[in-house]
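Please examine the sequence and the model shown here before reading on.

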Amino acid sequence: MADSAQKDVKPAYTPQTEPIPDDGKPFVPALLVIDMQNDFVYGSLAVPGASNIINRVNQLIDLPFTTKVATRDYHPDNHVSFAKTHQQEPFSRIIIYHPDDRDELKGLEQVLWPVHCVANTVGADFVPGLTQTMFEKTIFKGTHRKVESYSAFRDAWARDESELPGHLAEHGITDVFCVGLAGDFCVKYTALDAVDYGYRTWVVVDCVKSISQDEVAWDKLKNAGVHFTTSEFVKKRIA
Ligand code: VGL
Ligand code: ZN
């Protein structure tokens, strides 16, 4: 469990980053700290290098964002995303359907995961060392046995919203900054939804780690209109 034991895997491709403009336009920033939980850092679905971002994420949590929201992956122990639930091998894929809407909503390809972030277990707790006192709200994701949710905004079918859209709207947020785990799943789908909901959306690349090191995740985000920045640029803009 020692922090130093984790290797910092260098991604195959790092997107171009940009400073956050100070152009007189309304700027009401929200920080989304995504799934900084034991299982994703040290546990059953440990993301390579994840412990190395904790301090940088804390530095952003200390900044005066208008609101800071955390998410926690929080599954029942027989969740639809678990390989064990289907007697399959972890990391195999199946098609899953929405339990209440099998006809209207099409099947989605689902990666089957090792059991992770089970409600009321240590694996689902925030990782030690993360500053937890500044979150105005925590969004619990994937709590329904038959419904997967990578995005903090809504489930995988974009059918049911979480409390996040209302919370951001209440605060008049203009810019959403995404940090945390995993870059190629929950951070990715949260950022894509943030664009969909009309927010200028930033992924802070030195505060994100991914399960796989492929570059496709970044390209898809870029093409959708997500912006990439660094914690240095964020600290300069939000001081
Ligand atoms: C996540 C895989 C399964 C994530 C959650 O937080 O990115 N990944 N559940
Ligand atoms: Zn999960």
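The model is a predicted one. A count of cavities of 30 Å³ or more comes to one. The volume of this largest cavity is about 100 Å³. Its lining consists of 15 residues, and those nearest the centre of the cavity are Phe40, Asp73, Tyr150, Phe185 and Cys186. Sorted by class, the lining comprises nine nonpolar, three polar and three charged residues.

Where is ligand 1 placed? Ligand 1 sits in the largest cavity. The residues around ligand 1 are Asp35, Phe40, Leu45, Asp73, Trp113, His116, Tyr150, Leu181, Ala182, Phe185 and Cys186. Within this shell, eight residues are nonpolar, one is polar and two are charged.

Individual polar contacts can now be considered. Asp35 has a polar side-chain atom 2.5 Å from an oxygen atom of ligand 1. In the case of His116, a polar side-chain atom lies 3.1 Å from a nitrogen atom of the ligand. Cys186 takes part through its backbone: one of its backbone N or O atoms is 2.9 Å from an oxygen atom of ligand 1. How much of the area that ligand 1 exposes when taken alone is buried by the protein? Taken alone, ligand 1 exposes 260 Å², and the protein buries 100% of that area.

Notes
Residues numbered from 1 in each chain as written. Chains lettered and ligands numbered in written order. Predicted model: local features only at pLDDT ≥ 70, side-chain atom pairs only at ≥ 80, totals over all residues. Heavy atoms only, no water. Near = heavy atom within 4 Å. Polar contact = N/O pair within 3.5 Å; in protein donor to acceptor, adjacent residues only side chain to side chain. Areas by Shrake-Rupley, 256 points an atom, 1.4 Å probe, with all protein chains shown as cover. 1 Å grid on protein atoms, 1.4 Å probe; cavity = no way out; pocket = protein on both sides within 12 Å on 5 of 7 lines; lining within 4 Å. Sits in = over half its atoms within 2 Å of the grid points. Nonpolar A, V, L, I, M, F, W, Y, C, P; charged D, E, K, R; others polar. Points joined across faces, edges and corners; volume = space filled by probe spheres on them.
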